[in-house]
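Subject: Model handover

Hello,

Here is the model I promised. Please load it before reading on.

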Amino acid sequence: MPAQVVTILSAEEIRRTINRLASQIVERSGDLSQIVLLGIHTKGVPLADLLATQIEILEETAVAVGAIDVTFYRDDLDKIRTRIPAKTKIPLDLTGKTVILVDDVIYKGRTIRAALNAVTEYGRPELIRLAVLVDRGHRELPIHPDFTGKQLPTATEEKVKVYFNEIDGRDAVELVKDLD
């Protein structure tokens, strides 16, 4: 089935967006030693790494970064393609920390709900925030990102594809619509 593909963010625009998100996180977070960036597998992980790198460039301070797989916390596990869970890597006890969940795209909010449940397995954070590269709307749950790179109104039949050089060999955000 042919598809129409529109580039929403180029590699340079992604770089600028990450810089802006990192700046916002720094401005709103206070003590950076209390921050833990947790990338949600799959594409939230390289995004969290890129944000951590940019924060270190801006502030000359490293922030803790980890990865979390929410596969077994999902409420739609029976409806998604089964995949082998990725390894969760939490660098420290999250109790008392400011956890910033990081994902590439927020859509219905179910992945974030699963991530909130998963985080509680690793301590009781003081605060949990959410950073996303793209917010495409259509929420089914009352979840809203604290840090958003790009608001992108979409139709439900459209898809947002995020590509990171570390995984895909290129950086881009594309809007894909199947042509009937």
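Below are the ground rules, then the findings.

This is a predicted model: local features need pLDDT of at least 70, side-chain atom pairs count only at pLDDT 80 or more, and totals for chains, interfaces and linings use all residues. Residues are numbered from 1 along each chain as its sequence is written, and side-chain values use heavy atoms, with hydrogens and water left out.

**Strand E4 and its partners**

Helices (H or I, at least four residues) and strands (E, at least two) are DSSP runs, numbered from the N terminus. Two strands pair if DSSP finds at least two bridges between them. E2 and E4 pair in the parallel sense, over 5 bridges. There, Gly39 sits opposite Val102 of E4. E4 and E5 also run parallel, joined by 8 bridges. Thr98 has Leu127 in E5 as its bridge partner. From E4 the chain crosses through H3 to E5, a right-handed β-α-β crossover (with the strands pointing away from the viewer, the path from the first strand over the helix to the second runs clockwise).

Buried means under 20% relative accessible area, exposed over 50%, partly exposed in between (1.4 Å probe, protein chains only). In E4, 9 of the 9 residues are buried, so the strand is largely enclosed by the rest of the structure.

**Helix H3**

H3 covers residues 110–119; Ile112, Ala114, Ala115, Ala118 and Val119 are buried there. These buried residues line one face of the helix, because they fall within an arc of 155° seen down its axis (taken from the directions from the helix axis to the C-beta atoms). They pack against strands E2 (35–40), E3 (64–68), E4 (98–106) and E5 (127–135).

**Cores**

A nonpolar core is a set of buried Ala, Val, Leu, Ile, Met, Phe, Trp, Tyr and Cys residues joined through side-chain atoms within 4.5 Å. The largest has 30 residues; Leu37, Leu51 and Val173 touch the most other members. H1 gives the most to this core, with 6 residues. A second, separate core has 19 residues, including Leu38, Ile90, Ala118 and Ile143.

**Ser29**

Ser29 lies in helix H1. It counts as buried, at 13% relative accessibility. Beyond neighbours within four places in sequence, Ser29 is in contact (heavy atoms within 4.5 Å) with Ile35, Ile100 and Arg129.

**Annotation**

UniProt (unreviewed entry) places a short sequence motif, "PRPP-binding", at residues 99–111. Positions follow the numbering used here, feature names are shortened, and annotations may be inferred rather than shown by experiment. Over residues 99–111 the chain is 15% helix and 62% strand, with the end C-alpha atoms 16 Å apart.

Best wishes
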